[in-house]
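This report goes through one protein chain, from its overall make-up down to single residues. The sequence and the structure come first.

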Amino acid sequence: MIKSCIRPNNRTHSDELLITIPQAVFLGELSFKEAVYLICRCIPLGQVSTYGTLAKYTGLPNRARQVGSALRTLDESRSDPSDPTSVPWWRVVRSNGDIALPLDQISAQLQIKLLNEEGVIVTDGRVSMRDYAWSSPSS
């Protein structure tokens with residue numbers, strides 16, 4: 001199993017086999033959820049990505065909704081913002097920069113707070129994708 005954060009499309013090891021994240025998902029070496037979590041952990045501090053971008057880097061580009069589902073079911077112990085090994089779910093937004101959750105929900109308010117703490121400005125529930133988008137594993 002892939003144990004550390006890797007850059008999608010770079011080579012890494014999964015036991016004895018060198019494979020990419022999409023190959024690992026296809027071969028069943030890595031679940032879709034775990035691939036989403038690995039890629040999400042690669043989003044740099046102070047940047048955001050989209051559900052569609054994460055889906056693309058799993059090798060399943062039409063699965064943006066499933067990315068949302070994977071993040072929604074993330075175990076609380078893996079989503080602690082103070083833990084650098086946690087999955088930074090708050091860095092994932094809709095393709096237009098909108099926070100996906102209704103803004104009156106506590107989770108949406110937490111997402112906005114965490115993004116602001118990282119220097120990402122959220123205005124009326126939206127992040128400027130021009131200013132904060134992470135779209136490439138090499139960026």
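## Overall make-up

The model is predicted. Its secondary structure consists of six helices and six strands. Read from the N terminus, the elements follow the order β-β-α-α-β-α-α-β-α-β-β-α.

The protein has 139 residues, and 45% of them are buried. Of the contacts with a separation of 6 or more, 55% are between residues 24 or more positions apart. The accessible surface is about 7,800 Å², and carbon and sulfur atoms account for 50% of that area.

## Helices H3 and H4

Helix H3 covers residues 51-58 and helix H4 residues 64-72; they pack with their axes 8 Å apart, at an angle of about 100 degrees. Angles of 65 to 115 degrees count as roughly perpendicular, and H3 and H4 are therefore placed in that class.

On the H3 side, the contact is made by Tyr-51, Gly-52, Leu-54 and Ala-55; on the H4 side, by Ala-64, Val-67, Gly-68 and Leu-71. Sorted by class, the residues in this contact of H3 with H4 are six nonpolar and two polar, with no charged residues.

## Helix H2

How many of the ten residues of helix H2 are buried? Seven are, so helix H2 (residues 32-41) is largely enclosed by the rest of the structure. The buried residues of H2 are Phe-32, Ala-35, Val-36 and Tyr-37, together with Leu-38, Ile-39 and Cys-40.

## Aromatic pairs

A pair of aromatic rings is described by two values, the distance of the centres and the angle of the planes. The protein has two aromatic pairs. One of them is formed by Tyr-57 and Trp-134; it is tilted, with 6.1 Å from centre to centre and 55 degrees between the planes. Tyr-57 belongs to helix H3, while Trp-134 is in the segment after helix H6 (129-132), so this pair ties together parts 77 residues apart in sequence. Tyr-57 has a relative accessibility of 7% and counts as buried. Trp-134 is buried too, and its relative accessible area is 1%.

Trp-89 and Trp-90 also form a pair, with ring centres 5.9 Å apart. Their planes stand at 85 degrees, so the pair is edge-to-face. Both Trp-89 and Trp-90 are buried.

## Val-92 in strand S4

Val-92 is located in strand S4 (residues 92-93). Is Val-92 buried or exposed? With a relative accessibility of 0%, Val-92 counts as buried, because the cut-off for that class is under 20%.

Leaving aside residues up to four places away in sequence, Val-92 touches Cys-40, Ile-43, Ser-49, Thr-50, Tyr-51, Leu-54, Leu-71 and Gln-111. Cys-40 is one of the buried residues of H2, and Tyr-51, Leu-54 and Leu-71 are among the residues that make the contact of H3 with H4. Gln-111 is 19 residues from Val-92 in sequence, and the two are 9.3 Å apart from C-alpha to C-alpha.

## Asp-124 in a loop

Where is Asp-124 found? Asp-124 is in the loop between strand S5 (122-123) and strand S6 (126-127). Phi of Asp-124 is near 50 degrees, which is a positive value in a residue other than glycine.

Asp-124 has a relative accessibility of 74% and counts as exposed, since that class begins over 50%.

Methods. Residues numbered from 1 in each chain as written. Predicted model: local features only at pLDDT ≥ 70, side-chain atom pairs only at ≥ 80, totals over all residues. Heavy atoms only, no water. Axes fitted to C-alpha atoms, helices over the stretch in contact; angles between N-to-C directions. Helix = DSSP H or I, 4+ residues; strand = E, 2+ residues; numbered from the N terminus. Parallel < 35°, antiparallel > 145°, perpendicular 65-115°, else oblique. Contact = heavy atoms within 4.5 Å. Nonpolar A, V, L, I, M, F, W, Y, C, P; charged D, E, K, R; others polar. Buried < 20%, exposed > 50% of the residue type's maximum accessible area, 1.4 Å probe, protein only. Areas by Shrake-Rupley, 256 points an atom, 1.4 Å probe, with all protein chains shown as cover. Phe/Tyr/Trp six-rings, centres within 6.5 Å; stacked < 30°, edge-to-face > 60°.
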